[in-house]
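Here is a short briefing to read alongside the model. Please keep the structure open while you go through the points.

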Amino acid sequence: MKAYKFKIGGNQYDVTVNGIEGKLADVTVNGVNYQVELENEISPAISAASAQAPASVSDPQAIPLEGAQGVKATAGNAVGGKKIGSPLPGVIISVDVKEGQAVKRGQKVAVIEAMKMENEILAECDGTVTAIHVSKGDSVLEGADIVTIA
């Protein structure tokens, strides 16, 4: 397990890489667990290195995270539907859809509070909600999956 401290846009993020298997990394960011999809599979030697003691960000063995080359931590098309991601970090204050519900492009699926402002998360396509990835009160980072629409 490797631990890092990142400062992004003036905000401090404590990131722990819990493990990597194939193209999926299990990470904890400020106490919230995420599954991060890597663009390329990590070799077993590097995966084993990620399970060692904490390292600095400048460590050559460090596994790059969000925003770094080789990592896709933002929303995108996925098997089983279109994942709608958070446009900014914040706290989920409402989830306005249920699994199995039909939605139209532009329909509100959730509301996130960031910097004392409420921001609506809208469906990017017509379809059916196949998964809800957050709950009211969850803290999320930019790009975190909110819902999946198929």
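This is a predicted model: local features need pLDDT of at least 70, side-chain atom pairs count only at pLDDT 80 or more; totals for chains, interfaces and linings use all residues.

Residues are numbered from 1 along each chain as its sequence is written, and side-chain values use heavy atoms, leaving out hydrogens and water.

**Confidence**

- The chain has a mean pLDDT of 75, and 73% of its residues reach 70 or more; pLDDT is the predictor's confidence in each residue, from 0 to 100.
- Residues 45-79 have a pLDDT below 50, and beyond near neighbours in sequence this stretch has 65 contacts in the model; a contact means heavy atoms within 4.5 Å.

**Overall make-up**

- The chain contains one helix and 14 strands; helices (H or I, at least four residues) and strands (E, at least two) are DSSP runs, numbered from the N terminus.
- Of the chain's 150 residues, 34% count as buried; buried means under 20% relative accessible area, exposed over 50%, and partly exposed in between (1.4 Å probe, protein chains only).
- Among contacts in the chain with a separation of 6 or more, 50% come from residues 24 or more positions apart.

**Salt bridges**

- The structure has three salt bridges, each being a side-chain nitrogen of Lys or Arg within 4 Å of a carboxyl oxygen of Asp or Glu.
- Lys5 pairs with Asp14, with their closest N and O atoms 2.9 Å apart; Lys5 is exposed at 59% relative accessible area, and Asp14 is partly exposed at 35%.
- Glu124 and Lys82 form a salt bridge at 3.2 Å, N to O. Glu124 sits in the loop between strands E11 (117-122) and E12 (127-132) and Lys82 in strand E7, so this pair ties together parts that are 42 residues apart in sequence.
- Lys83 and Asp145 form a salt bridge at 3.5 Å, N to O. Lys83 belongs to strand E7 and Asp145 to strand E14 (residues 145-149), so the pair ties together parts that are 62 residues apart in sequence.
- Lys83 is partly exposed at 25% relative accessible area, and Asp145 is partly exposed at 24%.

**A buried serine**

- Ser86 lies in the loop between strand E7 (81-85) and strand E8 (90-95), and counts as buried because its relative accessibility is 4%.
- The Ser86 side chain reaches the backbone oxygen of Leu88 at 2.5 Å.
- Leaving aside neighbours within four places in sequence, Ser86 is in contact with residues including Ile112, Val140, Glu142 and Ile146.

- Strands E2 (residues 11-21) and E3 (residues 24-29) run antiparallel and are joined by six bridges; two strands pair if DSSP finds at least two bridges between them.
- Thr16 stands opposite Thr28 in E3, and in this hairpin, with two residues between the strands, Gly22 takes a positive phi near 65 degrees.
- E3 is also joined by six bridges to strand E4 (residues 32-38), running antiparallel.
- Leu24 stands opposite Glu37 in E4, and in the hairpin of E3 and E4, which has two residues between the strands, Asn30 takes a positive phi near 50 degrees.

Definitions and conventions: A polar contact is a pair of N or O atoms within 3.5 Å; within protein, one must be able to donate a hydrogen and the other to accept it, and residues adjacent in sequence count only if both atoms are side-chain atoms.
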